[in-house]
Amino acid sequence: MTTLALALGALLAVGCALYVALPFLREPAPADDRLGEPGPLERRALELAEERDRALAALKELEFDHRTGKISDDDYRELVGPLRRRVAEVLRSLELRAKSSEERVRAAG
Amino acid sequence: MPELGRAALILCLGLAVYALAAGAYAAATRRRRLARSAQNALLAAFGASAAAAAVLLAALLRNDFSFKYVAEHTSLELPTPYTISAFWSGQEGSLLLWLLILTGFGAAAVALGRRAGWDLLAWVVPVLGLVTTFFAFMLVVVSSPFDTQLAPADGAGLNPSLQNPYMMIHPPFLYLGYVGLTIPFAFAMGALLARRTDELWIVTTRRWTLFAWTALGIGQLLGAHWAYVEVGWGGYYAWDPVENAALMPWLAATAFLHSVMIQEKRGMLKVWNMLLVVLAFCLALFGTFLTRSGIVSSIHSFTQSPLGPWFLGFICLVTAGSLALVISRLPILRAKTRMESLVSREATFLYNNLLLVALCLTILWGVAFPILSEAVRGEQITVSAPYYNFFLRIFGLPLLLLMGIGPLVAWRRASLRSLGRSFAWPAGIAVAVGLVLLALGAGSSWVGLVAYTFSAFVLGSIGYEFVRGTRARRALAGDSWPAAFAELIARNRRRYGGYVVHAAIVLLAIGVVGSSAYDKVREQKLRPGQTMAIGDYRLTYRALVNRQGPNATEYRALVDVRRGGSSLGTISSGKNEYRAEQQQSNEVGIRSDHLTGEDLFVITDQINTDQSVVFKVLVKPLVNLIWLSGFIFLAGSLIALWPSAAEQRRLAARYRELRALARA
């Protein structure tokens, strides 16, 4: 029983070791071993995308709350303007970023 | 095969250490293959812990008493289901279950994160590696389930109170909850280590948190029902330190689930959310420490063990490390937006958070004070129910009210006119219910009256929300009422699933108040043929019988019950004497009225040689609403957990845009 247990234990250990080493066995000499991470530009773009989604969701929710009667007409008129302006601002910023990155790609060849 | 179990645990420890060290180095130096290798180590750790668990389970099922753990927690007579549940009945098995669930969740998080291409994963792996290392270390060095001995002829058996069907599922649910809180903690710490302030960690862990919270909630209700039917004192929650240990992380996670919505919708409370995640995880560790260290005397703390100092050290390390990390990242966590009004949805969420955290910390103080008192002054002090009940009223009643106010108030700000329109119906319902209850005599308990009035307000507000939403959806799409209702929920599962959960909490509150503020208790010694009365019930003690069960001698007093002249049948209540364990258990008799939710609860306090019996009888109004609330809670959680295709598409598009930008 002990021998069998040790053999099974050894088998498990070898299997785990191979699995852990797999990334190195598959790519012994990769051209690029760098782990990708978003740079400052991408992080800013992500923040803007989150801001856009947040503002759009808020606008949608405001419309629905107005329809259900939770928000009065006066409140709705007061709140909807700044939200729409915010969505437009964020969309403009994202568009500008997309354009400049396209230009960078074109310039790079 | 204890050697295989030991080898698997050592292997698991080695893999966890590798995931921690190699993962941290890879994330810091941005090495792709090493990061991938560390992730593989976490996946392999799950395989190793599963192998160890399989060895213990096999030993239990074979009654292999050469395993000390098997001999200490089972016997030849023990029925098979309880032999299986003995896996988590002792300290070593419980820790192994923790490790198994932890590595399983870790592996699932890694696999899902890889598929979605989350770059955050690089920093999450070492955090998960750290927690896994601790638990694997405990099992290898401090408290191994694979210690052996010369096999005795029979085992010591299982604590009789654990021989109950609820013990098959209550502890695993609690552990799913405790361990599940590790994932949001690991992603939150990973985001801080990577200096990420975006919402990726929240998006990734939203369902993990909800799942852990649901499991912890259901686990506590199952535990309450176990205490109700098995422990035999007539209650379901005794503010026992170990019960509180499960309640505290649940309260912290409840606060987090609410405040995280403010971060998602308004980009605020980033620091607060981080602190809540840390608090919930540390309290989950503290809960395991309380249950397993034997530091407090409790009916649930089944063991005295050497785990205490190790756990305490790890909790201190995690708390100090996490807080230091949050403080070091304060400059990048500051919100760019401010709360516009103190009368807004986000403000009500904030008030709810403050009350939840205050209640959680008050309970923590009640649990920790006796431990500190004994450690510092050598004085044994007990913090008992009146302390907790007082603070439950102080913080719980406003929390109940806020559950009704929140849905009626709009995000950003609300004017008095729209508030007046929104509040009119629910407030009217609440006042009417309060007056009717007062007329019916519910004023005997002011807490009960206030709680019921607030409950009516919350249910009115939830119902009103569903009606208004369905009406608006119907006006938009021209659907039928049922189609508009289904569409309403499908379009915002989190909001309406949340309302269903709120309805469950209200039912729970009604059940708790009814069964504690308006209950009746009577104790009486009866001889066969004698009768006692309580409320509308008349109970006649007919006879005492006994029979041999599979592993116990069962004594039962047969009691005929009548109400208003008609027979309601016979209740049997008594005691079991367990042969192998040499212990006795109370076996209560319960008659539930499913129409009114009331229970007639009969405890056989003492059986005398002359066949006379001392009965303790309780009438517990509305108590069954507590158990019903569990089903509604689960349904609401499932609605909120169910993935929304539209949301998935929106998030996928967001991160696809980002990746395209990174490639450019």
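Of the 109 residues of chain A, 22% count as buried, where a residue is buried if 20 or more other C-beta atoms lie within 10 Å of its own, exposed if 12 or fewer, and partly exposed in between, with C-beta atoms placed from the backbone. For chain B the buried share is 52% of 664 residues.

The model is predicted: local features need pLDDT of at least 70, side-chain atom pairs count only at pLDDT 80 or more, and totals for chains, interfaces and linings use all residues. Residues are numbered from 1 along each chain as its sequence is written, while chains are lettered from A and ligands numbered from 1 in the order in which they are written.

## Chain A

Chain A has 3 helices and 0 strands; helices (H or I, at least four residues) and strands (E, at least two) are DSSP runs, numbered from the N terminus. The order of elements from the N terminus is α-α-α. With a radius of gyration of 27 Å against the 13 Å that the globule rule gives for 109 residues, chain A is well over the rule and therefore more spread out than a compact globule. The radius of gyration is taken over C-alpha atoms, and the globule rule is 2.2 Å times the number of residues to the power 0.38. Taken along the principal axes, the C-alpha atoms of chain A fill a box of roughly 80 × 50 × 15 Å.

The mean pLDDT of chain A is 85, and 96% of the residues score at least 70; pLDDT is the predictor's confidence in each residue, from 0 to 100.

## Chain B

Chain B comes to 21 helices and 9 strands. Its radius of gyration is 27 Å, close to the 26 Å that the globule rule gives for 664 residues, so chain B is as compact as a globular protein of that length. The C-alpha trace of chain B spans about 90 × 75 × 55 Å along its principal axes. Of the contacts in chain B between residues at least 6 apart in sequence, 72% join residues at least 24 apart; two residues are in contact if their C-beta atoms, placed from the backbone, lie within 7 Å.

| Domain of chain B | Residues |
|---|---|
| Domain 1 | 1–154 |
| Domain 2 | 164–334 + 352–365 |
| Domain 3 | 520–620 |

The C-alpha centres of domain 1 and domain 3 of chain B lie 45 Å apart. Their contact takes 5 residues from domain 1 of chain B and 4 residues from domain 3 of chain B.

## Sheets of chain B

One open sheet of chain B has 5 strands in the order β2-β3-β4-β5-β6, with antiparallel pairing; two strands pair if DSSP finds at least two bridges between them. Strands β2 (531–534) and β6 (583–587) of chain B stand at the edges with a single partner strand each, so one side of each is left without a neighbour in the sheet. From one strand to the next the twist averages 25°; axes are lines fitted to C-alpha atoms, for helices over the stretch in contact, and angles run from 0 to 180 degrees between N-to-C directions. Within this sheet, β4 (residues 552–563) and β5 (residues 566–578) of chain B pair in the antiparallel sense over 12 bridges. Leu558(B) stands opposite Ser572(B) in β5(B).

Another open sheet of chain B has 4 strands in the order β1-β9-β8-β7, again with antiparallel pairing. Its edge strands, β1 (520–526) and β7 (589–593) of chain B, each pair on one side only. The twist here averages 15° from one strand to the next. Strand β7(B) is joined to β8 (residues 598–607) of chain B by 5 bridges, and the two run antiparallel. Leu600(B) in β8(B) is the bridge partner of Arg591(B).

## The surroundings of Ala191(B)

Ala191(B) lies in helix α8 (residues 182–193) of chain B. This residue is buried, with 25 other C-beta atoms within 10 Å. Not counting residues up to four places away in sequence, Ala191(B) touches Leu120(B), Arg196(B), Leu200(B) and Trp201(B). Leu419(B) is 228 residues from Ala191(B) along the chain, and their C-alpha atoms are separated by 39 Å.

## Contact between the chains

The contact takes 48 residues from chain A and 47 residues from chain B. On the side of chain B that touches chain A, α1 (2–29), α2 (32–61), α16 (416–439), α17 (446–477) and α21 (645–663) of chain B each supply at least two residues. Helix α2(B) gives the most to this side, with 11 residues.

Technical notes. Domain bounds come from an automatic or database domain assignment.
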